[in-house]
Amino acid sequence: MLEIHDLSVTIGPHRILGIEEFQILPGRRMGLVGESGSGKTMMATSIAGLLPADSVVRGSIRLDGRELVGMSDRQRAKVRGSEIGMIFQDPLKALNPVMRIGRQVAEAVRIRSGVARRDVRGRALELLEQVHLPDPEALARRYPHQLSGGQRQRALIAMAIARRPRLLVADEPTTALDVTVQKGILELLLELSRRHDMALLFITHDLGVVRAVSDRIAVMYGGQLVESGPVERVLRLPHHRYTEALVAASPTRRRLKESTALLGVPFTTIPGTVPARRGIPVRMHLPEPLHTRGRGVRVRACGNRRGRRSLVPVLESGDLWS
Ligand SMILES: Nc1ncnc2c1ncn2[C@@H]1O[C@H](COP(=O)(O)OP(=O)(O)OP(=O)(O)O)[C@@H](O)[C@H]1O
């Protein structure tokens, strides 16, 4: 389990992070969102022990009860290799351009896992297979520039999981990839997290990605954690104005906003869990002013998450009744 208490990071005169409480339970997946410059990467690098040398860190970061703040660089590197894995937005920067992929994965295996020398190659190929890279033998002989962006990210994931870390920190690992490749990487991370009971801290700007990957979400603003909780609850009833803005900009909410504009009423958050079937008119509690006008909505779209019907109603003027 990862636990952060009263963490403060300053660089020169600037306070970059001030985190009171933050937790990731074993095997759970946390999406970390926030506007640009809010401190997401700093949070990830604090956890991984990769902060700039001139940073001053106070407070506590514990992994399975072990305090990471104050550890020597050497101890920290050891934890990073074995218990915390990390992947980044740009795998090209993280890979050695003049070393074949197979050798780089083998190095990660050798340094990090104490696997016998004769077994290292086999384990490296096994890892390339685990991240679903086609023809691992041939791929292992290539250099990073001979791989696609998605393949490079998979190779980096193979290296990051070489020693079965308890926590994988992924800093916008799919932002640079096109949508279909992105989907494959997200599915892979989800599969690995489930299979190895590995917790995931996933940094992204994209709520769709948070929904796909995470069970919890944490929202950062100005170096602080302003909101956190189960993904669906936070997104349905956001408290902080940045979370609200983020939710308002997501495609489903845009549709809802357009629909309410059509009704000539201001857009507000609509609590969205009701027993419902597509096409069936339902009465639900709606916030002012829809509720006071005694209007109902017809369900145009509803999802079914874990057996619960939850929905974001899409309103159309023709669907109203009083
Ligand atoms: N090496 C550094 N020295 C001093 N300040 C830094 C350094 N790196 C980042 N910062 C500052 O720390 C703050 C948080 O930066 P961080 O990179 O964590 O933001 P972010 O939320 O990850 O942004 P983005 O979404 O754009 O990647 C910013 O104000 C940034 O200017």
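Predicted model: local features only at pLDDT ≥ 70, side-chain atom pairs only at ≥ 80, totals over all residues.
Leaving aside residues up to four places away in sequence, Gly18 touches Ser8, Gly223 and Gln224. Gly18 and Gly39 are separated by 21 residues in sequence, and their C-alpha atoms lie 9.5 Å apart in space.

Gly39 brings me to the ligand, for it is one of the residues around the ligand, which also include Ile11, His14, Ile16, Gly34, Ser36, Lys40, Thr41 and Pro52. The elements giving two or more residues to this shell are β2 and α1, residues 40-48, and α1 gives the most, with 3 residues. By residue type, the shell divides into 4 nonpolar, 7 polar and 1 charged.

As for α1 itself, this helix is mostly covered, with 7 of its 9 residues buried, among them Lys40, Met42 and Ala48. Just after α1, Gly49 takes a positive phi of about 75 degrees.

Now to another sheet. Gly34, which we met around the ligand, stands opposite Met220 in β9. Strand β3, residues 29-34, and strand β9, residues 216-221, pair in the parallel sense over 5 bridges. They are part of an open sheet of 6 strands with mixed pairing, whose order is β6-β7-β8-β3-β9-β10. At its edges stand β6, residues 84-87, and β10, residues 224-230, each with a single partner strand, so that one side of each has no neighbour in the sheet. On average, and with direction ignored, neighbouring strands of this sheet are turned by 15 degrees against each other. Across β3, β9 and β10 lies helix α11, residues 241-248, which runs at about 115 degrees to β9.

Next, the interior. In soluble globular proteins, nonpolar side chains tend to be buried together. Here the largest nonpolar core has 71 residues, and those with the most contacts inside it are Val105, Ala158, Val169, Leu200 and Leu201. Helix α7, residues 149-160, supplies the largest share of this core, namely 6 residues. Taking Val105 as an example, and again not counting residues up to four places away in sequence, we find that it touches Ala124, Leu127, Leu128, Ala155, Ala158 and Met159.

Finally, the protein as a whole, which has 12 helices and 14 strands. Of its 322 residues, 36% are buried. Among the contacts between residues at least 6 apart in sequence, 62% join residues at least 24 apart, and the parallel pairing of β3, residues 29-34, with β9, residues 216-221, is there to look at on the model.

Note on methods. Residues numbered from 1 in each chain as written. Contact = placed C-beta atoms within 7 Å. Near = placed C-beta within 6 Å. Helix = DSSP H or I, 4+ residues; strand = E, 2+ residues; numbered from the N terminus. Nonpolar A, V, L, I, M, F, W, Y, C, P; charged D, E, K, R; others polar. Core = buried A, V, L, I, M, F, W, Y, C linked by C-beta atoms within 7 Å. Buried ≥ 20, exposed ≤ 12 C-beta atoms within 10 Å, placed from the backbone. Pairing = 2+ DSSP bridges. Axes fitted to C-alpha atoms, helices over the stretch in contact; angles between N-to-C directions.
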